[in-house]
Structure formats: C-alpha cells, structure tokens
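Subject: Structure for you to look at

Hello,

Here is the structure I said I would pass on. Please open it first and then read the notes below it.

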Amino acid sequence: MKDLTSVIAAAAAFAVTAGLGFVVIPYLKKLHFGQTILEIGPKWHKDKQGTPTMGGIMIIAGVLIAVCAAYGYSAASGGGFFTDMHNPYRLSVLLAGIIMALCMSAVGFMDDYIKVVKKRNLGLTARQKTFLQLLVSAAYLATLCISGMKTTYIPFVGDIDITSGAGLIFWSIALMFIYGFTNAVNLTDGIDGLASSVTLVVACAFMLGSGFLYNNGMNVMSAALAGACVGFIIWNAKPARVFMGDTGSMFLGGAVVALSFGIGRPILLIFAGVTYFLEALSDIIQVAHYKRTKKRLFKMAPLHHHFEMCGWSEQKIVLVFSGITVIGCFIALLPIIFNL
C-alpha cells in the first residue's frame with residue numbers, strides 16, 4: 001500500500017490551522033491584540049488597523065501537531081518516516097530544524113508582544129533582533145555540525161566537504177544565509193495572503209524535492225508546512241481576518257531554511273525563495289540608494305509595496321509573486337530531478 005504519511009501531515013496541518021481560526025481569532029480580539037499600522041505605510045492600509053495579529057501561532061500548532069500525527073500514523077503502518085526517525089542524523093536534523101523555527105518564532109513573538117502589548121510600534125531594536133537571530137542560527141548550525149553534517153551539495157559540482165580547508169567558509173556563509181532568509185520571509189509578510197501563499201509554493205517544492213531524495217523527515221515537515229499555509233490562507237486572504245505577525249513570519253522563515261538544510265541543498269533556496277530574495281534585495285537597495293542620493297529608487301520598499309503604489313491590487317501582487325515563486329521552484333527542482 002502506498003505510504004500516505006505526508007498526506008496525513010498535510011491534511012492534519014490544514015485542519016488544525018484552519019480550525020484554530022475559530023478559537024484563536026476571537027481570543028486575540030478579546031485581548032485587543034490588534035495590528036498597529038505605521039504612518040509610513042500605504043495610506044489605504046489604515047483600514048487594517050486593529051486586525052488581530054500574532055495569528056502565526058495557528059500555523060505553528062498546525063505544523064507541530066501534524067508532524068506528531070504523521071509519526072503516529074507512520075509508526076502504526078511501518079512507513080518510511082518512522083524508519084527514518086531511527087536514523088540518528090535524520091532525527092537530529094528534523095528536530096533541530098523544528099526547534100530553530102520555533103526559536104525564530106520566539107524572537108518574532110517578543111517583537112509582536114512589545115508592539116502590541118507594550119504599544120512600542122517598532123518592537124525589538126534592530127540590534128536586539130539581530131543578536132537573537134544570529135544566536136539561534138549559530139546554535140542550529142552547531143547542532144548540524146555535531147550531528148554529522150559533513151558536506152553540502154552544489155549543482156553541477158557535487159558534494160563539497162565542509163569539514164576542512166576552504167570548505168570551512170561554508171559555516172560563516174550559512175550563518176548569514178539563515179539570518180538573511182529568515183528576515184526576508186518577514187519582509188514578505190506585508191500584504192494579505194502574500195507570505196503564506198509564497199511559502200505554500202516553496203513548501204510544495206521541497207515536498208517534491210525531498211520525495212525525489214527519499215528524505216521522509218523533510219517530506220513530512222514540508223507537507224505539514226504546506227497544509228498549515230493553506231489553512232492560514234483561509235483566514236489571511238484579503239480581506240484578512242488575522243495577521244500572522246512576526247510570530248508567524250519568523251517561524252515560516254526558519255522552517256523553509258530548515259527544509260533547505262534538511263535535504264542537504266541550502267543553495268537551492270536562492271531559487272525556490274526568489275520572492276523572499278527580491279523582497280529583501282529591494283529593501284537593501286532602497287536604503288543604500290536613499291543614503292547616497294536622498295532619493296528613492298522604488299516608490300516604496302519592500303517590493304510588494306512598490307507595486308501597490310503603482311496601482312496593483314493586493315490579490316494581483318499575491319498571484320504574480322506566487323507565479324514567480326513557482327518558476328523559481330521549478331528551477332530549484334531541476335538539479336534534484338535530473339541529478340545535476
């Protein structure tokens with residue numbers, strides 16, 4: 001019989017995330033955990049003032065419960081996920097990835113808490129957030145190293161030794177890679193349904209990629225993430241009834257990074273996560289260009305706000321950016337499918 005573990009994970013994550021909306025959203029409203037819209041944002045976003053935020057806890061619960069449910073199903077049916085979890089390295093990589101995503105989410109939660117409860121719009125300072133994110137990233141990489149990660153795969157080149165010589169530079173690059181992409185996902189969460197839709201596409205790509213690589217742990221995690229994103233989109237699509245907040249976007253960022261490292265091909269996230277990359281790049285370029293010329297290159301950064309200012313609807317931006325992500329994911333999958 002075909003192994004349905006990943007289907008169980010996706011379905012459970014969807015059901016839990018979507019179902020929690022009926023409980024979590026009214027509770028967030030009761031606590032007055034509403035989004036504060038900054039004056040520097042598009043004026044029409046003022047209509048979103050007070051929309052419940054920190055809804056990312058729905059996604060987190062969906063993913064965690066789904067992974068546990070998938071493990072139980074796999075244990076009962078003797079599936080590949082249960083077998084994989086008896087491999088010390090694969091078990092360590094899965095748990096380290098989940099814990100890293102949760103720790104990133106904890107940083108996001110602190111940021112949300114300060115904004116929403118303490119009424120300090122800017123949340124954690126840039127220095128505080130950077131320190132905590134780099135600390136989490138370093139701990140994650142240390143865990144992978146201790147667990148036995150010795151190579152990383154480069155398309156058209158093959159496995160690169162990262163335990164000695166020039167290969168050691170991988171770890172410092174990886175540190176900034178994790179930090180950068182986690183924040184890039186956070187930047188992508190700026191309009192209704194965008195971050196969850198883009199991450200859905202990325203999660204589906206890693207589900208396919210991990211399937212080709214027979215990596216059952218990452219297959220289950222990516223399926224759970226995809227299911228949770230669909231469940232959240234029900235509540236987050238325009239007009240959004242809840243925002244994920246930094247609590248959710250930081251978790252998504254940590255999760256997609258964990259998936260890329262989990263299959264041993266973090267470099268592929270540059271292509272699969274092309275939307276995240278462009279969002280972050282537009283922000284960096286805007287700041288650098290303004291400091292040099294005192295003029296803005298984009299009407300507003302990050303990139304999705306530029307297109308908003310150009311007259312694009314939020315739905316159009318979500319559709320186009322998701323389409324670009326599909327193309328990037330297709331390119332990312334080619335080296336895996338054809339073993340390049």
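The crossing of helices α7 and α9 is left-handed. Please keep in mind that this is a predicted model.

Which residues make the contact between α7 and α9? From α7 come Ala-195, Thr-199, Val-202 and Phe-206, and they meet Leu-252, Val-256, Leu-259 and Ser-260 of α9. Sorted by type, the residues of this contact are six nonpolar and two polar, with no charged ones.

In soluble globular proteins, nonpolar side chains tend to be buried together. The largest nonpolar core in this model has 86 residues, and Leu-225 and Phe-261 are those with the most contacts inside it. Helix α8, residues 216-236, gives the most to this core, with eleven residues.

Leaving aside its neighbours within four places in sequence, Phe-261 is in contact with Tyr-140, Leu-141 and Leu-144, with Met-149, with Phe-170, Ala-174, Phe-177 and Ile-178, and with Pro-266.

The rest concerns the backbone. Most residues other than glycine have a negative phi, and most peptide bonds are trans. The following places depart from that pattern.

- Lys-238 and Pro-239 are joined by a cis peptide bond, with omega about -5 degrees. Pro-239 sits in the loop between α8 and α9.
- Ala-301 and Pro-302 are also joined by a cis peptide bond, with omega about 0 degrees. Pro-302 belongs to the loop between α11 (274-293) and α12 (303-309).
- Tyr-214 is not a glycine, yet has a positive phi of about 55 degrees. This residue is in the loop between α7 and α8.
- Asn-339 is not a glycine either, and its phi is positive at about 50 degrees. Asn-339 is in the segment after α13 (314-337).

Is Tyr-214 buried or exposed? A residue counts as exposed when its relative accessible area is over 50%. Tyr-214 has a relative accessibility of 66%, so it is exposed. Asn-339, with a relative accessible area of 61%, is exposed as well.

Regards

Methods:
Residues numbered from 1 in each chain as written. Predicted model: local features only at pLDDT ≥ 70, side-chain atom pairs only at ≥ 80, totals over all residues. Heavy atoms only, no water. Left-handed = near helix turned anticlockwise from the far one by under 90°. Helix = DSSP H or I, 4+ residues; strand = E, 2+ residues; numbered from the N terminus. Contact = heavy atoms within 4.5 Å. Nonpolar A, V, L, I, M, F, W, Y, C, P; charged D, E, K, R; others polar. Core = buried A, V, L, I, M, F, W, Y, C linked by side-chain atoms within 4.5 Å. Buried < 20%, exposed > 50% of the residue type's maximum accessible area, 1.4 Å probe, protein only.
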